[in-house]
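Hi there,

Here is the structure I promised to pass on to you.

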Amino acid sequence: MNFEFRQNPINVRTALAAIFIGTLIGFVMVTLFGYNPVEVFATLLKGAFGSAKNIATSLRWATPLMFTGVAAALSFRGGMFNFGIDGQLYFGSLAATIVGVICTGVPGIILIPLMMLTSMVCGALWAFIPAFVRVKLNGSEIVPALMMNYVAIHLTDYIVHYYFLASGTNGDSLKTERIAEQAQFSPLASGYQLTGAIFIGLFVVLAFWWLMKKSKLGYGISMSGMNPTFARYGGIQVDRMRILVMLLSGALAGLGGAVEIMSMRWRFESGFAPSFGNDGILTALLGSSTPLGTLIGAIFMGALKSGSLAVERYTDVSRSLATVIQGLIICFVSARLISKYIGFDKIAENLSVLFHFNRKAGEKDA
Amino acid sequence: MAYAVEMRNITKRFPGVVANQDVTLQVRWGSIHGLIGENGAGKTTLMKVLYGMYHPDGGEILIDGKPVRLKDPKDAISHSIGMVHQHFTLVGSLTVAQNIILGKPICKKTGILDLDRANKEVERLGEEYGLPVNPKAFVKDLPVAMQQRVEILKVLYLGADILIMDEPTAVLTPQEIQGLLNTLLLLKEKGKSIILITHKLRELMSVTDDITVLRGGVVTGVVKTSEASEKRIASMMVGKEISFEVPKDVAKPGEEVLKAEHLYYQDKFGVTMLNDVSFTVRKGEILGIAGVQGNGQTELIEVLSGMTTRYQGRIVFGDREIRQSDLPLKRREAGLGHIPEDRQTMGAALAATLLENFIMGGLSDLEYTSPGMISYSKAATVAKGQYEHFDVKYASLGEPAGALSGGNLQKAIVAREIYRNPQILIAAQPSRGVDIGATMFIHEQLIKLRDAGKGILLVSSELGEVMSLSDRVIVMYNGAIVGEVDPKNSSEEELGLMMAGMKGGHS
């Protein structure tokens, strides 16, 4: 397998062109299904950025993607494909929740870090298995990682059902008791969905940046991903990097789940993290696996999510169609050369030439 | 009579560079035309234009006097142009005949391959051009020279009258080279026109009729071979008079710095690639390993550098015993430097920046690292100085290493490895595909390193390089050392015979 791990960064033109085309196709689709496209897209936009509250909601949905996005980006940079983020997240967050449910007497300042640590260790454990398959057993890490998602999602359901079911539920909804109160985050301002979780997410992005830009470890990871032969030749222990990068990735996935629970849910629920893992992979791909790109990608995906929730709530369009629009836009954003393909680059170039020309002409006049 | 090929005022630009500017090339029917120039002079670009792989920004191409537009290689082939690539385009698991007819299958009426007819056709073709082959042999079992023969037949089979040969001799032994040159002369006799791209002046002088010299994308000379001299052509290539001799003093070898004892190695198919290899390199000397590619040199380097640990035998660096399990890092710490033969995959990460490439192997360099951390800005200062010192031409340290031309990249790798101040330097094919100017420079650096008291192991399939640089030469054949010669007192022919497995020489 030979993958290019440093993809061309997405430039503003590509992003604009993609959003434009995605929106256009979405427009046509919405019209075909008999809705008013202008209304739908206005709602989408408003739902994402319309008010301070909506912006907060966008950021709320961006937060878990900062964790899973960095988890994915980190593994990609190290030449590993961690497609098991969902599984690591579920496993890590159930473990953290159990700690949070049991340790009611522990003060928050100890309990919160303890839960985080638990989730990270368990997420890393879950990620170790595919890493082991790749490095020691000479297989692909992708298949076991994907399969471990199912194992984790259903195993956590089972554990919740038989051992930690909240009292009062008869198995009709699979959820645990709430975690201890001192571990529950409260909104930054009342009525807003945003909590301190976003700062942890931002810290993770910052730490990713530091790792890749400043540390020897990040250099080793990056080189192992770009050219393992060269890395080995230069004295980097590629196998070690591969395992490490998967462990870190799994730890971040678990942490993302635990923070989501402390921040929003306060309990582990079956299916509480709808496709955070896959969305995180998309986030990393959109952001070319760079720290800043992943951050922007997470915010973009969060805004789309918040917007499509609004579309579902305020228009007759169902969530499925809203998700379709979301998918279309992402689809085109990932087509890096699209702005060139549709001639957008040429138009933009001509415009800028024209602009410079006019400015020069203006200078001459003056 | 019209020219077989006439390229008039071809201009080809790439973003930021003009690869060919107003290049005119005229090739007569039934002649061998040499195209020579340093790396990045635009030879390959020009030939890719002729083969329809690139489209020129200006100028025109005439084949047999008629203007043509070549959209793709298919077009070129239909105008009876054929290209023998430097890296063979053969399928190893198919037979010779299957490979040759790949582009124009011989089928029965039912559409099924008619292998019997194909085999006969290939045999006939081989006899016609004096290139006999066994059509039923599998290509992967053939030696390199034979594979090249298949490659040439493939082009002839497609009906080529104009053959482009891209550095065809780079992979051959001296004897094989002579055979190839004879083939070229025979093809010429049959009326074919051949464009021969090469770095090697001697071959150029011995077979060509006309020579076109390129430098920096423009033609700097068109001469009849009979009226030219090696010196004159070399000066047209580099723009100044140069001497080929690397000036060096007599070596003053000191104590042993690299000792290899009874090395054995089997590849993953169980084939013995190293068979009881023992030698020593002393401080202040260059030990050359001559041999045709594929006779164990690559494996020897892998074993020494720790890229593989599945070997048997003993390795000592200076006074430090190297354990079999020691990874490349340990060996680097013990003073090893390594200029790998495969610079595209082992010597550099082409997608990584030049700066990242420079840092490789130097993670404990206190100039720009502190525990756990790298200062990329400090590293940039060091890299800039070192690259300048080694005359590496680049736009910025942030550009990907893949943007550098072959020779420049090689200089960057040499610069990096020498900067690490190795006690032992393995230099594998240090001048492969590198132009004369850069080759001379790299040779000078190696000698400088030698004179500074370091031990150098030079592995090269280029005889001239081994002979002129080394203080002692050992020859590898079939995974074993077949002899040692003193380069001052032996001829290239003698060495060539040893490289071909015929024992001789004196040790």
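Please keep in mind that this is a predicted model. I will go through it place by place, so you can follow along on your screen.

**A loop in chain A**

Start with A:Arg178, which sits in the loop between helix H6 (142-163) and helix H7 (197-214) of chain A.

**Where the chains meet**

Next, look at the two chains together. Here 31 residues of chain B are in contact with 22 residues of chain A. The area buried between them is about 2200 Å², and carbon and sulfur atoms give 62% of that area. Which three residues supply more than any others of the area that chain B buries against chain A? They are B:Met307, B:Met360 and B:Leu363, which supply 27% of it.

Sorted by class, the lining of the second largest pocket has 13 nonpolar, 17 polar and 12 charged residues.

**A cavity in chain A**

A search of the whole structure turns up five cavities of 30 Å³ or more. The largest cavity has a volume of about 70 Å³. Helix H3 (52-77) and helix H10 (238-265) of chain A are the elements that give two or more residues to its lining. The largest share, five residues, comes from H10(A). Residues that line this cavity include A:Arg60, A:Gln193, A:Val259 and A:Met264. By class, the lining of the largest cavity has five nonpolar, five polar and two charged residues.

**An arginine in chain B**

B:Arg472 belongs to strand E21 (residues 472-477) of chain B. Its relative accessible area is 17%, so B:Arg472 counts as buried, the cut-off being under 20%. What does its side chain meet there? The side chain of B:Arg472 makes a polar contact with the side chain of B:Glu285 (2.8 Å). A polar atom of the B:Arg472 side chain also lies 2.8 Å from the backbone oxygen of B:Thr280. Leaving aside neighbours within four places in sequence, the contacts of B:Arg472 include B:Ile286, B:Gly288, B:Glu484 and B:Pro487.

**Two backbone angles**

Finally, two residues other than glycine have a positive phi. For A:Ser275 phi is near 50 degrees, and this residue lies in the loop between H10 and helix H11 (276-286) of chain A. For B:Glu167 phi is near 40 degrees, and its place is in the loop between strand E7 (162-166) and H6 of chain B. A:Ser275 is partly exposed, with a relative accessible area of 33%, whereas B:Glu167 counts as buried at 14% relative accessibility.

Enjoy exploring!

Methods: Residues numbered from 1 in each chain as written. Chains lettered and ligands numbered in written order. Predicted model: local features only at pLDDT ≥ 70, side-chain atom pairs only at ≥ 80, totals over all residues. Heavy atoms only, no water. Helix = DSSP H or I, 4+ residues; strand = E, 2+ residues; numbered from the N terminus. Nonpolar A, V, L, I, M, F, W, Y, C, P; charged D, E, K, R; others polar. Buried < 20%, exposed > 50% of the residue type's maximum accessible area, 1.4 Å probe, protein only. Polar contact = N/O pair within 3.5 Å; in protein donor to acceptor, adjacent residues only side chain to side chain. Contact = heavy atoms within 4.5 Å. Buried area = accessible area lost by both parts, 1.4 Å probe. 1 Å grid on protein atoms, 1.4 Å probe; cavity = no way out; pocket = protein on both sides within 12 Å on 5 of 7 lines; lining within 4 Å. Points joined across faces, edges and corners; volume = space filled by probe spheres on them.
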